[in-house]
Amino acid sequence: MADGRQLTIIKVFRKYSHSLGPDALQLLEEILERHDIADNDVEFSIETIAREYNKQDDAVMKVSLDILRRVYDALQDQGNPGEAEELLDPDSHLYFVDAFEMPSWHWSQERGTFEKSSSPLTVAGSADSRIAAVRNRLHIIKQSILRNEHFSPSTLPSRDREHLVTLKSTKQLLGRAGERFLLLGMLAHNKEGKLCVEDSDGSVELDLSKMDEPGEGLYTEGCFALVEGEYNEDGILEVVAMGQPPCEDRETARSIYGHIDFLGQGLTSLLEDSQFARRIREELSDLYFFFLSDVWLDHPQTLVGLQKMFDNCIENSFIPKVIVMCGNFTSKSIMQGGGRDIQRYQENFDSLADLIASYPQITRETHFVFVPGPLDITGNSTLPRRPILSTFTSHLRSKIPKVHFTSNPCRLKFFGQEVVIFREDTMARMLRNTIGIKPNVTGEDLRRYLVQSILDQSHLTPLTTHIQPVLPDFDHALRLYPLPTTVILADRYEKYKLTYSGCHVFNPGGFVGNSFSFSTYCPAERSSEEGVLDIEQED
């Protein structure tokens, strides 16, 4: 009979889909004894070893003694640095990731993991890539659900087994009228306009009349939902409960897929991330990023507000490492405008370049990032959007050495942190396309529902492509898996900030209003604060 320590060791490795032979189990017990690990700390210690083992390229399902010893030795070396640590250089660990430069990783059902796409990505896409984009979303959500404690059976004897929930497929409903099922699928309308849930095997019509109210979140056409109900003789699922899929936190996902470089900017281990996080708190506690949205350059107060913000930075010796300016950079659409409108659009960017260049210290030290909005002139109107056309930004490029014109969305990698920046009127679009059930909530609850839905869906736009067109070959650039450290949902909607499942989400709100508003983000604390500058009224 295995003792408590052995059961804990087996349970932890089982979570990562690894089995232990008697030799490997004995080695792990010896390691625990060698370091005098108390019973309360056994799970944490084994978790560290299991994560590192899982990230080895040659790791096999049945734990190898040689690989296990190698992992242990590496952890020993990391825990005993031979030389004093050099001071962190933030610029050498700061990357700006364009959506069109991210490597494409798709889910492989055969291998049960991610595979890197070998075919070239095109803007046009194909019929197969459109299907694959939706299936990837389904499989990524499903694999994390099946790892959830409410769905994943333990290898150890437990009375909790009888309380486990079992997912079924639509094809398993056939001929089983009167039984209750739990399905995971995409909410959509069929050709007759009836609401249904679709999975990779088929679809079934839904009847929501017997459901009191769904679980928290916004349910849109194109989102994936857990639907529970009774299948009747008419081939309809009478829904009694509906919920969002559970969200898997960043640490869990990275402990399993830490060997995959989703951003294409190099890998760091969870141990390195935790070491960086500690050192950032100690050495870079005064480093900040600024985020501004709806920087209307055609508004007479915008440059005044930016000048006031720069003056405050200089006066207080508070120079941000990064300033992200999100569109729209015009208060009205000029897509169909005349030549004068387009010329004024370029002149506004030129004026901004001159303003920034008049602050030499900021120009020299700060990275400026420009993210286009829905009304800005880019190479395409679908998501992800290409950067603002270079013809409008040549003066900015010549005046500012550290300027970056990125796609929408884009990502910022800073040490082990991943920051997603997305400029879209997300709240309004989601509310316009809720189906069957309208959330009777406002204010803080509504903001929480939006954030929860986006993160639970692991996607920035959980909508069908006829509502929100997306380039299918680049759908992975809108994916939120593994969960980022921070997400900026720049929106016309009122500003907010909240943290859900360890991910900090905020909307900086429009820059120009009753005051000049923006958000400051502190990587050391992984939190944001609202910045407000008063508008001076003329007499």
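Predicted model: local features only at pLDDT ≥ 70, side-chain atom pairs only at ≥ 80, totals over all residues.
User: Are the rings of Phe414 and Phe415 stacked or edge-to-face?

Analyst: Their centres are 4.8 Å apart and their planes stand at 85°. Planes over 60 degrees apart count as edge-to-face. The Phe414 and Phe415 pair is therefore edge-to-face.

User: What is the phi of Phe415?

Analyst: Phe415 sits in the loop between β13 and β14 (417-423). Its relative accessible area is 2%, so Phe415 is buried. Phe415 is not a glycine, yet its phi is positive, at about 55°.

User: How many residues apart are Tyr345 and Phe392?

Analyst: A search of the whole structure finds 27 aromatic pairs. One of them is Tyr345 with Phe392, edge-to-face at 5.1 Å centre to centre and 80° between the planes. Tyr345 belongs to helix α9 (residues 339-357), and Phe392 to the loop between β11 (367-371) and α11 (394-399). The pair links distant parts of the chain, 47 residues apart.

User: Is Phe392 buried or exposed?

Analyst: The cut-off for buried is under 20% relative accessible area. Phe392 has 6% relative accessibility. Phe392 therefore counts as buried.

User: Which residue is joined to Pro409 by a cis peptide bond?

Analyst: Pro409 lies in the loop between β12 (403-405) and β13 (410-414). Omega of the cis bond is about 5°. The residue joined to Pro409 is Asn408.

Definitions and conventions:
Residues numbered from 1 in each chain as written. Heavy atoms only, no water. Phe/Tyr/Trp six-rings, centres within 6.5 Å; stacked < 30°, edge-to-face > 60°. Helix = DSSP H or I, 4+ residues; strand = E, 2+ residues; numbered from the N terminus. Buried < 20%, exposed > 50% of the residue type's maximum accessible area, 1.4 Å probe, protein only.
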